[in-house]
Amino acid sequence: MKKKIGIAAAAVILALALLAGILLGRSQENASSPQVYTGFAMSTVITQTAYGKKAAEAEIELQRRLQAFENRFSMFLAQSDIARINAAAGKSPVSVSGETMGLLKRALELSKTSQGAFQLTIAPVTQLWGITTDHPRVPGADEIARALALVDDDDLILNEEEGTAYLRREGQAVDLGGVAKGTACELARETYEEYGIDSAWLSIGGNIYVRGEKPGGTPFRIGFRDPYQTENSYLASFQMKDRVLAVSGGYERYFEENGVRYHHIIDPATGYPAESDIVSAGVFAQEGTLADFMSTTLFVWGSGRTLEYMRRPDACDVIFLTDTGTLYVSESLRDSFELEETHADMPVVFVERREAA
């Protein structure tokens with residue numbers, strides 16, 4: 001059985017990351033030099049690179065806010081708003097913060113557009129699998145059927161006037177994992193803006209936020225990872241400015257049992273890891289929550305529905321790799337798209353949007 005990272009390893013990474021962040025933050029004071037800070041939150045390593053007189057301060061403050069964000073939204077922390085909603089399922093409404101209400105409302109709006117591929121209330125199923133824990137397992141078919149019966153986003157009742165959230169049935173639970181890291185990118189935008197940072201990028205668990213350009217006007221160039229190679233290997237790259245790139249795939253969080261790999265993206269229709277012909281899907285958007293939601297949804301949809309989506313006039317920019325080795329890219333990304341030399345023979349198909357009616 002294989003996992004990508006365990007609790008003990010995460011603790012070591014955290015200690016080293018925080019030390020690196022402190023040293024780098026103190027050693028670089030030139031506003032024209034990049035300030036690099038590495039931390040750990042939301043079960044992943046977070047890397048920031050920012051330019052400006054207050055860059056180091058902004059990065060440390062963002063790390064603090066990300067930790068507070070996790071404390072509010074993690075289903076694994078007993079005092080978080082989400083954990084309290086889950087614990088009170090079928091019993092009573094729970095008072096939540098305005099931030100929690102706003103994110104739950106937005107996530108429900110998005111969920112309704114996914115054609116069933118995304119469900120906030122998928123937690124009973126994801127908890128059965130435990131793929132992001134140290135003890136993943138393959139549940140029995142009866143267990144999955146019982147858990148699936150609890151998955152219904154219509155059962156999450158939000159009362160904005162009273163500031164409460166309520167799950168109708170006992171055993172139901174909310175999991176914000178499909179949108180939380182994208183939303184955290186919006187928190188980065190707000191923090192950098194408050195500190196006067198016009199040039200920065202943030203990496204957080206498969207999500208990249210880019211603010212502005214490098215000093216001197218050079219665009220940031222962000223890579224689309226090769227899922228079959230190391231983390232620093234890329235299939236292609238793009239110029240990015242003031243947007244979030246969210247990427248979803250089954251190659252980062254998974255376990256293997258009896259020669260079968262089980263990844264963490266669960267299809268709400270089956271209760272099993274999505275059987276998608278997409279290996280990796282990336283979505284570009286100004287709104288991080290939307291980008292994160294769409295990358296997960298497209299992965300579950302597979303290439304057929306994803307291509308239909310890409311042709312819509314209102315579609316986000318998309319890049320995805322199929323299991324046959326073809327790379328599909330939104331036509332609007334063509335001008336800044338560069339295929340890595342090591343993948344020069346890879347088939348690339350540019351997909352145009354239809355004109356609005």
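A crossing of two helices is left-handed if the near helix is turned anticlockwise from the far one by less than a right angle, and right-handed if clockwise. By this criterion, H2 and H7 cross in a right-handed manner. The model is predicted: local features need pLDDT of at least 70, side-chain atom pairs count only at pLDDT 80 or more, and totals for chains, interfaces and linings use all residues. Residues are numbered from 1 along each chain as its sequence is written, and side-chain values use heavy atoms, with hydrogens and water left out.

Helix H2 spans residues 55–73 and helix H7 residues 180–194. Helices (H or I, at least four residues) and strands (E, at least two) are DSSP runs, numbered from the N terminus. The H2 and H7 axes lie 10 Å apart, at an angle of about 145°. Axes are lines fitted to C-alpha atoms over the stretch in contact, and angles run from 0 to 180 degrees between N-to-C directions. Contact means heavy atoms within 4.5 Å. From H2, Ala58, Glu61, Leu62, Arg65, Leu66 and Phe69 take part. Their partners in H7 include Leu187, Ala188 and Tyr192. The contact comprises nine nonpolar, two polar and three charged residues.

The whole structure holds 17 salt bridges (a side-chain nitrogen of Lys or Arg within 4 Å of a carboxyl oxygen of Asp or Glu). Aspartate 155 sits in the loop between helix H6 (141–148) and strand S4 (156–159). Arginine 168 lies in the loop between strand S5 (164–167) and H7. The two residues are 13 residues apart.

How values were computed:
Nonpolar A, V, L, I, M, F, W, Y, C, P; charged D, E, K, R; others polar.
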